[in-house]
Amino acid sequence: MPRPTETTPRAGEPGSTLPRGVRIGYGSGSVATGAFGTVPGLMLLPYLTDELGIAALWAGVIVFLPKAWDVVLNPVAGRVSDRTVDPAGPRRPWLVRAGLMLAGAFALIFAAPDLGSAALEAGWVLVFFVLAASAYAFFQVPYVAMPAEMTSSYDERTRLMTWRVAILAFTIMLAGATAPVIRDAVGGGRDGYRVMGVVMSVLIVVGVLGAWWGTRRAPVGTVAAGAGSLREQLRVVAHARDFRLLLTTFVVQALATGCMLAGVDYLAGDVLGSAGASTVLFVCFVGPALLLTPAWAALGTRIGKRRGYAIASVVLAAGALLAVTARVAPPAVVFAATALVGVGYAGCQVFPMAMLPDAAAVDSARTGENRTGVYTGVWTAGETLGLALGPAVFAVVLALGGYLSSEGRELDQPDSALTAITLGFSVLPAALTLLSLWWLRQYTLDAAEVAAAEGALHG
């Protein structure tokens, strides 16, 4: 049974720098998180509405419920990993245990057999999506918790997140661009979705094993697991002001990103009139992120993480707002707007992911107890909630616009539905992103405060 422990450092105490191999190894876990975070958000809503014939509103519920379950489960997963005893440290064993379960359940989400009833087929999707989401909680939470224990350096965490976000961006492009292509190459329909699901599950396995093997020589911190019940620790985390502000900012932006992700297939097929445009949109979105992630990290080193995060958010919002022209402008304008979103999105991943370990480490330094897993459990629960609400909110927008569901047939959508798709992809996420800055402006942790707290702990 997992219990409180002090972990023994490996490969030296967490210090100012990490070997490049450890950075890359840790970052490879984003192959798994990127594939699972991208493909259901992109493909599951169209699979339910256009292949299984589920009404848009009910499809949104099916997409939302498993992620809502994760919101409850993630803090539990964090608490369990905090108290896990293993020679490899408290986090790494969960990468392979939960990661392989995630891959298997993921393939089954898109493998619903013809049961002769839309309700039964929807139930199949819901059951295996819940199983996949549960496994994902026990993979993602320990994974996100690791940086706070791998290094005590404020800037090294940014460098570590640069690798993670770069690999995440590449995975989003790879999975998001190829998933529709794989589906269509097989001839579309249910067989297309089944093959796509299997290919993506293999991609998840690659990320899982890469992170598990690549971090085998990573340092592990020496802070004892936090005492008290999970409820008591959650109460402590809830009263951490800077963490709470950062989390709120990130969740609202995850909601915005989830709306855009859910709208890609609809915008490409119904508004732009080309199913193949979904691949182009993803390349435009992630291509700039692959190139500019190191630039965002360098900017953060010069002007601070909070200011860099604010600038990135404004860039993302500007790109989303420009996409409102999708119904009247040439497709090239929409692609350019999506590329601008990608530029901002890179920064909106680098900075909060580098700020989270700062908040958790400051708490550890102040208290002498390790609540990193609880912090990251709450964080990933919030991120999951935002990304789950995105498709659900977009489904509501579709329903309000009168979107017509089908069972593999092509239908001409009413003008109101096309307007709803466009606004749900552009104005709504832009407004949410700008709204999130209200909380970010109140965040106060900086390099000096983090360094002072870390110095008190290790000095």
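Confidence in this predicted model averages a pLDDT of 82 over the protein. A score of at least 70 is reached by 86% of the residues. Over residues 223-228 the pLDDT is below 50. Among the secondary structure elements, confidence is lowest in strand 1 (residues 224-225), with a mean of 47. It is highest in helix 15 (residues 427-440), at 96.

The protein contains 16 helices and two strands. Of its 459 residues, 59% are buried. The accessible surface comes to about 16,600 Å². Carbon and sulfur atoms account for 67% of that surface. Contacts were also sorted by sequence separation. Among those between residues at least 6 apart in sequence, 85% join residues at least 24 apart.

Helix packing was examined for one pair. Two packed helices are described by the angle between their axes and the distance between the axes. Helix 3 spans residues 56-82, and helix 5 spans residues 118-150. Their axes come within 8 Å and cross at roughly 30°. Angles under 35 degrees count as roughly parallel, so helix 3 is roughly parallel to helix 5. The crossing of helix 3 past helix 5 is right-handed.

Gly34 lies in helix 2 (residues 29-51). Thr171 lies in helix 6 (residues 154-185). Gly34 has a relative accessible area of 2%. The value for Thr171 is 2%. The cut-off for burial is under 20%, so Gly34 counts as buried, and Thr171 counts as buried.

Leaving aside residues up to four places away in sequence, Gly34 touches Leu168 and Thr171.

Terms used:
Residues are numbered from 1 along each chain as its sequence is written. This is a predicted model: local features need pLDDT of at least 70, side-chain atom pairs count only at pLDDT 80 or more; totals for chains, interfaces and linings use all residues. Side-chain values use heavy atoms; hydrogens and water are left out. Helices (H or I, at least four residues) and strands (E, at least two) are DSSP runs, numbered from the N terminus. Buried means under 20% relative accessible area, exposed over 50%, partly exposed in between (1.4 Å probe, protein chains only). Contact means heavy atoms within 4.5 Å. Accessible areas come from the Shrake-Rupley method with a 1.4 Å probe; for residues, only the protein chains shown count as cover. pLDDT is the predictor's confidence in each residue, from 0 to 100. Axes are lines fitted to C-alpha atoms, for helices over the stretch in contact, and angles run from 0 to 180 degrees between N-to-C directions. Angles under 35 degrees count as roughly parallel, over 145 as roughly antiparallel, 65 to 115 as roughly perpendicular and the rest as oblique. A crossing is left-handed if the near helix is turned anticlockwise from the far one by less than a right angle, and right-handed if clockwise.
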